[in-house]
Amino acid sequence: MSKEKPQPRYQCNICKTFFTYKHSLTTHKRIHTGEKPFHCDICGESFLARSDLTNHERIHISKRLFPCDICGKLSSCGSSLRSHKRIHTGEKPFHCDICGKSFSQSSILTSHKRIHTGEKPFECDICGKSFPAASSLTSHKHNHTGEKPFHCDICGKSFSFRSALISHTRIHTGERPFHCDICGKSFSERRNLTNHERIHTGEKPYNCDICGTSFSQSSNLTIHKPIHTGEKPYHCDICGKSFSHSKI
């Protein structure tokens, strides 16, 4: 006879998330407090949980790294390697039961679901703005501090966000990892692929709340709206004439 599965009974008093075990709640709370009590003796980097430190320490022990047989990238544990390889295979085994969208990692699915629930448990202690994911809050805080911790090894340019560095690096490498399944065209950023795919699907998700006209890109809606408002925010420095669009 199988044991009854324990029920979550420990609740975070900040974001109201429940946990089955008390030690899981203790670790979780460090996301809110910023506490990182586990330190690497080799490089000094700090972590929320001992398991994160253990995985990190493998980076310093080359013989225990797990190489990707497709691109050669090294991962500190087998689970990280499996997650990484989904970039190459396109596998997305985690599905949203609300909208059906699929994801390569369970953590991304968890953050995505908050779009539906409206939950934003991670609050900036400087401006009060809230976010659905801890990583989004960390990135946001760089706006206040001006910190740009992500540096391009090729040209030295620095960025506030890791995602911005990754996109920038593709300028140097020419990499275009996002491919259109319909026409085969490739793009350096996923958002550009998403915009492109609407050419094939005809999807126009951005609607003018004044006249109802729909657009495939938010930038086109922004350009359209001054037709109704009469706003002309772009001014010529030479003659002073104003325009509704920047490209005229």
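**A look at the salt bridges**

Author: Lys113 pairs up with Asp97 in a salt bridge, with 3.6 Å between the closest N and O atoms. That pair ties together distant parts of the chain: Lys113 sits in helix H4 (residues 106–117), while Asp97 lies in the loop between strand E7 (94–95) and strand E8 (102–103), 16 residues apart. Keep in mind that this is a predicted model.

How exposed are the two ends? Lys113 is partly exposed, at a relative accessible area of 29%. Asp97 comes out at 63%, so it counts as exposed, the cut-off being over 50%.

Another one joins Glu119 to Arg114, and here the closest N and O atoms are 3.6 Å apart. Arg114 has a relative accessible area of 14%, so it falls in the buried class, which means under 20%.

Then there's Glu175 with Arg170, a salt bridge whose closest N and O atoms are 3.8 Å apart. Glu175 is partly exposed, its relative accessible area being 41%. Arg170 counts as buried, with 15% relative accessibility.

As for why such partners get together at all, side chains of opposite charge can pair when their charged atoms come close.

Key
Residues are numbered from 1 along each chain as its sequence is written. This is a predicted model: local features need pLDDT of at least 70, side-chain atom pairs count only at pLDDT 80 or more; totals for chains, interfaces and linings use all residues. Side-chain values use heavy atoms; hydrogens and water are left out. A salt bridge is a side-chain nitrogen of Lys or Arg within 4 Å of a carboxyl oxygen of Asp or Glu. Helices (H or I, at least four residues) and strands (E, at least two) are DSSP runs, numbered from the N terminus. Buried means under 20% relative accessible area, exposed over 50%, partly exposed in between (1.4 Å probe, protein chains only).
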